[in-house]
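Thanks for coming. I have one structure for today, and I will keep it short.

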Amino acid sequence: MEYEKATTVICTVIGMDYASSLSYRACSLCERTLPDTLNDTLCKFCPNNAASSSSRLFRILVSIATDTKVLNVMCFDRAARVLFGCSADDFFHFSKLHPFAASNAAKILEGEMFRMTLSRPKNGNAQHLRAVSIVPLRSGFKPAIESLKEFYGVKPATS
């Protein structure tokens with residue numbers, strides 16, 4: 001199965017690399033990667049090294065199984081938000097309070113079935129396919145953050 005163009009597959013999540021960071025900091029102006037240090041807010045790519053705000057974006061390596069093979073795919077922010085049900089910033093702060101949240105999220109998502117659209121990376125150095133679209137197939141699917149909040153006994157915020 002070659003993935004020259006975007007290809008849609010039906011798959012099951014069989015694992016997630018939670019040992020490495022699930023997110024990275026990006027400049028809010030140019031969206032380039034910033035160092036993870038909190039006190040370094042200068043973006044070297046923006047004009048005049050402008051101090052800008054930053055946000056966290058998801059970058060998650062997920063192993064999936066289709067009917068014919070097992071693949072490792074990279075899920076960036078838009079696709080990963082479907083799996084997690086929250087922003088990378090929200091999950092980062094949740095994980096600070098609950099240190100095993102990432103490993104528990106991997107367990108929660110293991111076995112879930114999705115329709116994923118996969119494409120080759122635009123960067124020639126990248127080694128994994130990209131999940132550009134993720135649609136849950138189970139009608140009762142709950143994003144990982146909802147199950148984690150139930151597991152840890154976190155009450156939903158009231159407005």
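Predicted model: local features only at pLDDT ≥ 70, side-chain atom pairs only at ≥ 80, totals over all residues.

Start with the empty space. Rolling a probe the size of a water molecule over the atoms shows where empty space is left. Here the largest pocket comes out at a volume of about 420 Å³. Its lining has 17 residues, and the closest to the pocket centre are Y24, F76, D77, R78 and R130. Which elements give two or more residues to that lining? They are strands β2, residues 23-27, β4, 54-65, and β7, 129-136, along with helix α1, 77-84. Sorted by class, the lining of the largest pocket holds eight nonpolar, six charged and three polar residues.

Next, S23, which sits in strand β2. Is S23 buried or exposed? S23 counts as buried because its relative accessible area is 8%, under the 20% cut-off. Its side chain makes a polar contact of 3.3 Å with the side chain of R56. Setting aside neighbours within four places in sequence, S23 touches R56, L57, F58, R59, A88 and F92.

Last, the helices. Two packed helices are described by the angle between their axes and the distance between the axes. For α2, residues 88-97, and α3, residues 101-109, the axes come within 9 Å and cross at roughly 115 degrees. On the α2 side the contact is made by F91, F94 and S95, and on the α3 side by A101, A102 and A105. By class, that contact has five nonpolar residues, one polar and no charged ones.

That is what I have; questions are welcome.

Notes. Residues numbered from 1 in each chain as written. Heavy atoms only, no water. Axes fitted to C-alpha atoms, helices over the stretch in contact; angles between N-to-C directions. Helix = DSSP H or I, 4+ residues; strand = E, 2+ residues; numbered from the N terminus. Contact = heavy atoms within 4.5 Å. Nonpolar A, V, L, I, M, F, W, Y, C, P; charged D, E, K, R; others polar. 1 Å grid on protein atoms, 1.4 Å probe; cavity = no way out; pocket = protein on both sides within 12 Å on 5 of 7 lines; lining within 4 Å. Points joined across faces, edges and corners; volume = space filled by probe spheres on them. Buried < 20%, exposed > 50% of the residue type's maximum accessible area, 1.4 Å probe, protein only. Polar contact = N/O pair within 3.5 Å; in protein donor to acceptor, adjacent residues only side chain to side chain.
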